[in-house]
Amino acid sequence: MTTPPPEPKPKPDEGPVSPAELAWLRAAFAESPVERATPVDPEQLWAAARGELDPDQTAAIVDQLHRDPALAEDWRLAVELGRSSAAATVNAAPEVAAPAANDRRYWVAGLLAAAAAAAIAIWVVDGKDPAGIDPVDGPPVLRANGNEAQLTTELADGVTLPRAALDLRWSPIPDAARYELRVTTEALDPVYQALDLAQPELRIPSEALATLPEGTVLLWSVIAVMPDGRQHSSAAWRIVVD
Amino acid sequence: MPGAAEPEPGPDGAPEPEQARVLASIRERLHAAIRKVCPPSMAAHTDDIVQLALLRVHRAMERQAVGDQGEPVSSAYLWRVAYTTTIDELRKVRSQANTRSHAVEATAAVPLAEVSPEATAVGSEVGVAIRGCLDALAPDRRRAVVLHLQGHSVPETATMLGWTPKRAENLVYRGLADLRRCLVSKGHAP
């Protein structure tokens, strides 16, 4: 009996970039050498990093990032603070809360995640509320036209959770037969799913998170399935793995 | 930094509870963001930078309270003030560090390495290779990859640069593949 030839080893430059490779690239990118450039106005940096600047102006700044690690660091600080401010705004009292520009990006990410999770009904919003986006005092959700129940969560958008005890909870839907939970990366790669949950909560098994680098952003969404087959879909929410 | 202190209370005494809550939230998150993003060499300056940012934010709140003309004080505005103040102060610290390292090198018998954050960065071979490989990418692929390396998601990149999500996805993943291929050809790999 002949032994089959060994599988050829994949060449190092083939296939998608793994999370570990991406983490290595990010660390090395942060240490790339300095080439002094004209400082960018912090106001412009803040707007660009939050997606509030004209795309051409944003591109001009982005073109400098790989040549100026200090500028890249300033950019990352804007991203980090922007996400922190969005999370703080969700929990803030209405009189000091303000719409965070990146709420719309999370809404877009939520749409993509919902579509990629397969067999999720995205309700069409009627003409009276064309945006279909919740006002500022909560994470953006898609509103349905009618009396359908709404899935929400008390977890702040973008909250960091411990990977050893990553507990997800959502509002119960009366008479729901079961819940389906799906968790993906921001690139919509599946991380974990549970499709027959009786309770509106679940701790994600730590082994499902083992290969994710610290700080990985995950999208999670829920479907409540009723006894007659009707489904209520949540938006996609963000969490960060510690 | 001598003299840095808590923001002064308003005319009636302690800051209003809501203002105090906002200031505390900004303080906590600004501290965390600087610790997460900036190199360890910045640790000694974080408290002073945060205090200065909070002072600026508190002044913005007070201007609104006394009816000053200007931008309404929204939460978004306060966070922007905190960020821009932080960047101004970080740049001063970096500039001072550069001045000190140049002065030390000028007087030392042997040039000293590792006296400033930039000295560490200069020594990174992989960083040099990454920059060279990024320079070789087509502009849109480079922008997509740079934003991805900065921690942005594909949808965020699409929004920021005015692309469709599909175009952004293609540029990011093809750009990363190009970058990796280039680095491997230069002898670098994770």
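Start by selecting B:Arg94 and A:Asp74: these two form a salt bridge, and the closest N and O atoms sit 2.7 Å apart. Keep in mind as you zoom in that this is a predicted model.

Side chains of opposite charge can pair when their charged atoms come close. Between chain B and chain A the count comes to nine salt bridges, while the structure as a whole, over all chains, holds 20.

For another of these pairs, pick B:Asp135 and A:Arg67. Their side chains meet in a salt bridge, with 2.9 Å from N to O. This pair also crosses between chains: B:Asp135 belongs to helix H5 of chain B, and A:Arg67 lies in the loop between helix H3 (55-65) and helix H4 (69-91) of chain A.

**Zoom out to the interface**

Now colour by chain and look at the whole contact. Chain B puts in 65 residues and chain A puts in 66. Together they bury about 6,200 Å², with 63% of it on carbon and sulfur atoms. Which residues of chain B lose the most area to chain A? Select B:Tyr83, B:Gln150 and B:Arg180, which together account for 13% of what that side buries.

**Follow B:Arg180 into its helix**

Next, show H1 (residues 19-30) of chain A alongside H8(B): the two axes come within 12 Å and cross at roughly 70 degrees. That angle makes H1(A) roughly perpendicular to H8(B). To see the contact itself, select A:Glu21, A:Leu22, A:Trp24 and A:Leu25 on H1(A), then B:Leu176, B:Leu179, B:Arg180 and B:Leu183 on H8(B). By class, the residues of this contact split into six nonpolar, no polar and two charged.

The crossing of H5(B) and H8(B) is right-handed.

For the side chains in this contact, pick B:Ala129, B:Ile130, B:Cys133 and B:Leu134 from H5(B), plus B:Leu179, B:Cys182 and B:Leu183 from H8(B). This time the tally is seven nonpolar, no polar and no charged residues.

Definitions and conventions:
Residues are numbered from 1 along each chain as its sequence is written. Chains are lettered from A and ligands numbered from 1 in the order in which they are written. This is a predicted model: local features need pLDDT of at least 70, side-chain atom pairs count only at pLDDT 80 or more; totals for chains, interfaces and linings use all residues. Side-chain values use heavy atoms; hydrogens and water are left out. A crossing is left-handed if the near helix is turned anticlockwise from the far one by less than a right angle, and right-handed if clockwise. Helices (H or I, at least four residues) and strands (E, at least two) are DSSP runs, numbered from the N terminus. Contact means heavy atoms within 4.5 Å. Ala, Val, Leu, Ile, Met, Phe, Trp, Tyr, Cys and Pro count as nonpolar, Asp, Glu, Lys and Arg as charged, and the others, Gly among them, as polar. Buried area is the accessible area (1.4 Å probe) that two parts lose on being put together, summed over both. A salt bridge is a side-chain nitrogen of Lys or Arg within 4 Å of a carboxyl oxygen of Asp or Glu. Axes are lines fitted to C-alpha atoms, for helices over the stretch in contact, and angles run from 0 to 180 degrees between N-to-C directions. Angles under 35 degrees count as roughly parallel, over 145 as roughly antiparallel, 65 to 115 as roughly perpendicular and the rest as oblique.
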